[in-house]
Amino acid sequence: MTDTRGPQPQYEGYATGPLPGEREPAPGQAGPYHPPQAYPSPPGGTQGGGRPYGAQQGVGPAQTARKPRTGARTTPRTRKARLRVSKADPWSVMKVSFLLSIALGICTVVASAVLWMVMDAMGVFSTVGGTISEATGSNEGNGFDLQAFLSLPRVLVFTSVIAVIDVVLATALATLGAFIYNLSAGFVGGVELTLAEDE
């Protein structure tokens with residue numbers, strides 16, 4: 001097989017010149033090679049060993065963090081719920097009112113006993129009783145004896161009777177009020193309440 005392309009030109013640069021690693025640097029290229037940058041460098045560039053401009057000013061990662069907007073809401077929104085009491089159970093109302101009226105009756109008896117002791121220690125009964133005895137007394141009798149009438153046992157018995165009546169009446173009235181509320185709630189819809197979450 002013969003070569004039909006004819007004589008080929010010789011390139012002197014590749015034939016007689018030095019290899020790429022053996023070439024001398026050009027006179028205008030002094031210093032390290034810097035590749036082209038895709039984005040412009042920050043103002044001031046890099047200084048001393050390639051440190052960025054922000055690093056030499058003492059700006060750390062925590063200081064360069066993004067700050068929240070001042071207009072953003074920092075307090076959580078309070079949730080509210082609107083409810084309606086459509087029915088009151090008469091049985092539960094009766095139990096609660098019964099217990100509360102018993103507690104109120106006991107407090108009444110104890111308060112009456114304490115009040116009587118304080119007034120007796122201050123001499124109120126003796127002073128007022130003496131005045132009433134002199135005003136109502138006559139030649140035949142000594143008059144009305146207030147101290148005997150308002151003795152501690154009588155006061156406690158009288159207060160206990162009032163407490164028992166109060167228990168019965170309060171329980172009955174509360175139960176009747178529950179029935180009346182249920183009837184009125186059927187017409188007007190009941191009492192509406194707005195509940196808000198505690199902050």
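A residue counts as buried when its relative accessible area is under 20%, as exposed when it is over 50%, and as partly exposed in between (1.4 Å probe, protein chains only). With that in hand, let's look at helix α3. This is a predicted model, in which local features need pLDDT of at least 70 and side-chain atom pairs count only at pLDDT 80 or more, while totals for chains, interfaces and linings use all residues. Residues are numbered from 1 along each chain as its sequence is written, and side-chain values use heavy atoms, with hydrogens and water left out.

**The whole chain**
- You will find 6 helices and 2 strands in the chain; these are DSSP runs, numbered from the N terminus (helices: H or I, at least four residues; strands: E, at least two).
- Starting at the N terminus, the order of elements is α-α-β-α-α-α-α-β.
- The chain has 199 residues, and 12% of them count as buried.

**Helix α3: length and end**
- The 33 residues of α3 should span 48 Å at 1.5 Å a residue, and its end C-alpha atoms agree with this, being 47 Å apart. The expected span is 1.5 Å times one less than the number of residues.
- Helix α3 covers residues 90-122, so M122 belongs to α3.
- Just after α3 comes G123, with a positive phi of about 80 degrees.

- Buried residues in α3 are P90, S97, S101, G105, A113 and W116.
- Their cover includes α4 (124-136) and α6 (152-188).
- M122 has a relative accessible area of 62%, so M122 is exposed.

Conventions. Contact = heavy atoms within 4.5 Å.
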